[in-house]
Amino acid sequence: MVLDILKGCLIIRGTVEPNLLLDDLLKHHKLDSLPTINDKLKQLFDILTNKKCLIILDDLQNIFIPSQFAGKYQPEYQDYQTLFKMITETQHQSSVILISQEQCPEMECLDEELYPIKSLELSGLDNPEILKNTALKNEDSWLKLIKLYEGNLLYLKSISILINKNYDDQVADFLAENTLHITNQMQSHFYETFHHLSPQEQQIVLELSKFENPISREELRQSLNGSTVPLMIKHPFNISKTIVLKILKPQIQSV
């Protein structure tokens, strides 16, 4: 775990068990932790009620069980569920930002006006300015490169290095090949995320990869007919939020 303190904001990166997280937060406020997690939660919420705090928890997807549907906690992280429920159900004057590739029920809300939860699905960036410090040439081709890689900063950083090494910084030459290059770093990222999906979601991803042109939701259902993927999955395309489908995303139409 990495705990950064920036202008009164606590940023926690990496996965840490709830007990240790609470110990660190209380230590930051110069408090000795009480023995039980319930006592520690009460201490924390006394702070959140009496002071305006901002806590950011990053990489939160790591607390969930891999290869299962989103939002199932690993046993050692189960107490996060209690923490998140208290954040939404207890009156206080602080804010907590959760950054995650997948959601748990505590992050979801049907009525944002009545409930203190706001959910923002981050999409890629489409401003050529993000490539300003990459030394890439052919600035008029930058936007096309950004769109090709869905505005994903990790992909663009990796592909910029490739263009620098193999194309002498010439973006136009790279795009002229009309090929979607996937670097080793991107492959590693895809592999990690793919194996975090449930078997049913993996099957949907593999099925989508068979189509060269966009398909409708119903066509996908028919293609999966006879498979073990349950049709009870109401929104199978939620997995487009994952890194794996950033490349496959154009394969399916919105309906």
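**Salt bridges and helix packing**

Glu-139 is partly exposed, with a relative accessible area of 46%; here buried means under 20% relative accessible area, exposed over 50%, and partly exposed in between, for a 1.4 Å probe and protein chains only. The structure is a predicted model, in which local features need pLDDT of at least 70 and side-chain atom pairs count only at pLDDT 80 or more, while totals for chains, interfaces and linings use all residues. Residues are numbered from 1 along each chain as its sequence is written, and side-chain values use heavy atoms, with hydrogens and water left out.

Glu-139 takes part in a salt bridge with Lys-132, and their closest N and O atoms are 3.3 Å apart. The term salt bridge refers to a side-chain nitrogen of Lys or Arg within 4 Å of a carboxyl oxygen of Asp or Glu. Side chains of opposite charge can pair when their charged atoms come close. Lys-132 is partly exposed as well, at 41% relative accessible area.

How many salt bridges does the rule give? The count comes to 3. Another of them joins Lys-40 and Asp-23, with 3.0 Å from N to O. This pair links distant parts of the chain, since Lys-40 lies in helix α2 and Asp-23 in helix α1 (residues 18-28), 17 residues apart. Helices (H or I, at least four residues) and strands (E, at least two) are DSSP runs, numbered from the N terminus. Lys-40 counts as buried because its relative accessibility is 6%, whereas Asp-23, at 24%, counts as partly exposed.

A further salt bridge is formed by Asp-46 and Lys-42, whose closest N and O atoms are 3.5 Å apart. Both residues belong to helix α2, where they stand 4 residues apart, about one turn of the helix. Asp-46 has a relative accessibility of 38% and therefore counts as partly exposed, while Lys-42 is exposed at 53%.

Helix α2 also has a packing partner. Helix α2 (residues 37-50) packs with helix α3 (residues 79-89) at an angle of about 30°, and their axes are 11 Å apart. Axes are lines fitted to C-alpha atoms, for helices over the stretch in contact, and angles run from 0 to 180 degrees between N-to-C directions. The two helices are therefore roughly parallel to each other, given that angles under 35 degrees count as roughly parallel, over 145 as roughly antiparallel, 65 to 115 as roughly perpendicular and the rest as oblique. On the α2 side, Ile-37, Leu-41, Leu-44 and Phe-45 make the contact (heavy atoms within 4.5 Å), and on the α3 side Asp-79, Thr-82, Leu-83, Met-86 and Ile-87 do so. These residues comprise 7 nonpolar, 1 polar and 1 charged; Ala, Val, Leu, Ile, Met, Phe, Trp, Tyr, Cys and Pro count as nonpolar, Asp, Glu, Lys and Arg as charged, and the others, Gly among them, as polar.

Another helix pair consists of α5 (residues 153-166) and α7 (residues 184-194), which pack at an angle of about 150° with axes 9 Å apart. That angle makes α5 roughly antiparallel to α7. Leu-154, Tyr-155 and Ser-158 of α5 meet Gln-185, Met-186, His-189 and Phe-190 of α7. The residues of this contact divide into 4 nonpolar, 3 polar and no charged.

These elements belong to a protein with 10 helices and 4 strands. Of its 255 residues, 38% count as buried.
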